[in-house]
Amino acid sequence: MSDEHDPQSKYVPTRRDLIKGVIAAGAVSSTGYLFRGSITRAFAAAPGSVERMLTLDVNGQQRRVDVMKQETLAMTLRYKLGLTGTKLGCDRAECGACSVLIDDVPHYSCSVLTHSTRGKKIQTVEGLASPDGTLHPVQQAVVEQQGFQCAFCMSGFLMATVGFLKTNPNPTRQELAHGISGNLCRCQDYDKILTSLMRGAELSREVNNA
Amino acid sequence: MPEFTNGNIPVVTGDTPPVRGKLVGQDYATPDMVAKVTGKSKYSEDFRADGMLFAKLLLSPYPHARIVNIDASEALAMPGVKCIVTKDELPGAADYITDLGEKIEADKRSDVGLAMEPMYQGEPILALAAVDELTAADAIEKIRVTYERLPFVVDPFVSLRPGGPNARTDGNTWARPEAAPGEEPGPLDVVEVKWTEEDFKEYAEGKMPMGKPTDEWSFGDVEEGFKNAALVLDETFATPNTSHQALEPRTCMAYWQGGKLFVHVGSQSTIQTVPAVARWMNMSEDDIVVISEYTGGGFGAKIRGTVQIVIPAILARKCNAPVMLRASREDEHNIGGARPSVTGRVKCGFDKDGRITALDMYTVADNGPYARNGDYSNAATMVSLLYQPPAMRWRGITVLTNTPPRTAQSQPGGMQGITLMEPLLAKAARQLNIDQVEIHKINAPEGKARFGPPSGAGAQAYTTSCFMKEALDSGAAMFNWKERAAASGTRNGSKVRGVGVASSTFVGGSRGFDGLLVIKPDGKLYIQTGVGNLGTGNYSDSQRVAAEMMGVPWEKVVVTWGGTNKNLPWSCASGGSQTTHATTRAAHAAATDAIAKLREIAARALGGRPADYLVGGERVYRRGGGASMSLAQAAQRAIAMGGRYDGHELPEDINKITATSAKNMAGQGLMGVARDNYDQDGRAFSFVAAFAEVEIDVETGSYQILDFLAVADVGTVIHPSALGGQILGRSMLGIGHALGQKWVYDQHLGIPLAKRFYQNRPPTILDAPVKMQWGALNIPDPETPVGARGIGEPPVASGCCAILNAISDALGDEIFRRAPVSLDMILTSLEAGKPVTEPMTAHV
């Protein structure tokens, strides 16, 4: 974090900073579709604003990324880091499709400002499986049980479940249902979803006890 | 007991031996599951293209207005803003020539994606493309639109009153003009229908007015049926408007390359989206590529993509850059389609045993402002099938309103019609002192069951097969119905338990699509499909039929789907419960063609006649032993022989899209390609019986579903786990209609008050029944070669109505006259001793 400005300090961009900022933005512009045109505006409108270049810890990797102050984590993940497994179903914290883990706790990434995740550990669905491709036990269980239909909600459910199991590794069906009740599925096969995630909990215990 | 369930229930089969092979009837993981759990599966919003622009929509603030002027100069002058598109630049609806050469004339009043006379609040007026979404959103704010406000209406009955407002300047309903005697009536047209004050005289008492309908039919002697009845009920009931609300919004990304239009979009039919886009864009099918590998739910609202595809397509052409239109959750309320509310009045006569003697049904639907929605009519057809009235009259009208366009939603019309009937049937059983399962059985369809209005020749259409009674019996046994029904209504402190049963039906299949597969010299079976991938498993499940028939292990099957640049055949859409029936038939036809060719090749290479050879175990072998060859060798020979064997000569009756794909694959191996030309006596329908137990707290009005079971008559089971997901998932969709899902509109301002999930309340995992079970009879349909039918639609109404019937069984008939049943409805009705919520005001 030493290469970043203190967000609390008064920061007035100089012409040199502005040029640096534009160059940096240019370097990521091929993935920065949503925000390209706003690059200079954010600087001009925000004396005392936060540094835009952040280093995020995503799925165990250090990812350097240009982030506007009003940018949500879901947008950063999807449009700047290419992690499209995190879905936007409502963009207003109603459906949970964008759930990710921040320091092991499930959050709606559509409603988390990316800047607030500095120094925190972010995990998305892309980071669940081992680097060698071995599926996480919860993923394995969902594959076995054909646990979801369209699966647009699935990554959110997976992250919510993995997060919940960290606090309660041996839940009852009812407890797990409560734990993931902030996630909406419109194919509505909740029974099979819950069955597959309970199986995921069981496989997780087996792996952890092995 | 059903053969397939999600519990460990002993296996008992139906009359016909079930088909259960190595693949058919077995669970497996579909080939897309690993991509899905690892986040690698790409939905429409997950694609990027270099230089991609973003589009934003400008929405009408008024429920009905004419646009006088648009001033976009300030917006277009902003840095980063590229261009706008209005309705004038859209091609508009084009005529359509079907496969059979039949011309379907375009409806000039259909929804084309943008409007200069917006007819509902939130209707898109223009779209703007800019380098990023924030700039586009800022620019939209800078556009000045001058509106001339027009009269509007959001309630069908308000529009039908004398002097009531019309949703369109040209009328308030669709009808065929009356024809002179002996002449055919003209095409559907928008007309004005107003009822009289006299028609409305019972409205205040909660009885639906029944003025002049636009449609009606009847069969049998209805009056005679009522005369002979031991009990006649006359009930008014209303079902809610509900958005489809697939979790994936209808985002679309479009670009042009070498004169071709590429669209990335969620669709229920990859291949059928091509002619749809061709029609909307008024261009050749040959110049359109649709990429739709994964679709995040549809429920009828993405059957052939969605008309809004034209917006990024036109913007992309104008700006010469890829354009993504990201639909928001609120856009989904506006342009995402919805099931129309149907208000109905049903007069029904019963004999002392509960058998219906006559049925007189009137349906009024909330159509939205555009094309005629057929739910008001489908409602009656499904009721005529499910309860087999010996005499029936139906009258109906679908009334235009200034609310978002309606689209077929799971079990369109059937869901509403059955929901008008089921509470009435349950009430009749209580009044006649008949068991609820028995009254469903005595009225249940059976075998080649007749339905709908008689055709010109006087005959009714009929089903291919029907085992509704068996489904009811199976379910009653699994649910331990008798014992639980005896305890229904027993109070324990403030809690009352009730049990309910409901039956349901819908179309279970279409036919006439193509199958396309190739056995390559690597010994693998490559199967192509143009169906959409909604996660129901169909794109893969149906191909297991072909693999099973040819004895190819699943590991050696490669299924290709999801892009019309990947040589896909003309396939059924994934919707309307047609798919399993249609795609298993197409797979069967292609496999049959391939097997015939394999036997010919073997006979020519090894001697004897084709009939001497069989296909199995990855080989073509001589009956009773002797010479054989592997499929890989046969594929090699097919290439050498050319002609029809490797796809250089094709059958003449296949769709031109299939023919193009087959030509592209010619010479790669032995090709199986055929149209499904199998005969069918009757029309395919599927059936479901559902059972529920609820527990209601009479002090708070809240209730919980403790137990739910649905048993399906769906023919041969192809993929048990996927089938179970559909039965219970679609049951939940119906249960949502009982629990709380609905639209709310401000009657005076014409604006929606429930656009978001937390307001219109689709069920969450905590609303799901504590225990859920499913079963399937697995009795093959005799009229289709694989015996399998579809299942998506039928569980919806039975899911909804099992809950409604359980509530009334616990608390009596004086609680609700509309769905959903909210806890305040229960509390206030209990207190008043009569239903306090009137059934007719729309959108409350």
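## Helix packing

In chain B of this predicted model, helix H9 (residues 375-387) and helix H10 (residues 414-432) pack at an angle of about 50 degrees with their axes 6 Å apart. H9(B) and H10(B) are therefore oblique to each other, since angles under 35 degrees count as roughly parallel, over 145 as roughly antiparallel, 65 to 115 as roughly perpendicular and the rest as oblique. The contact (heavy atoms within 4.5 Å) includes Met382(B) and Leu386(B) of H9(B) and Ile418(B) and Met421(B) of H10(B). Its residues divide into eight nonpolar, four polar and two charged, with Gly counted as polar and Asp, Glu, Lys and Arg as charged.

## Cavities

A cavity is a set of points on a 1 Å grid over the protein atoms alone where a 1.4 Å probe fits but cannot get out, and its lining residues have an atom within 4 Å of a point. Of the 17 residues lining the largest cavity, the closest to its centre are Asp514(B), Gly515(B), Gln543(B), Thr583(B) and Ala586(B).

H16(B) gives the most to this lining, with five residues. By class, the lining of the largest cavity has 10 nonpolar, six polar and one charged residues.

## Basis

Local features need pLDDT of at least 70 and side-chain atom pairs count only at pLDDT 80 or more, whereas totals for chains, interfaces and linings use all residues. Residues are numbered from 1 along each chain as its sequence is written, chains are lettered from A in the order in which they are written, and side-chain values use heavy atoms, with hydrogens and water left out.

Definitions and conventions
1 Å grid on protein atoms, 1.4 Å probe; cavity = no way out; pocket = protein on both sides within 12 Å on 5 of 7 lines; lining within 4 Å. Helix = DSSP H or I, 4+ residues; strand = E, 2+ residues; numbered from the N terminus. Axes fitted to C-alpha atoms, helices over the stretch in contact; angles between N-to-C directions.
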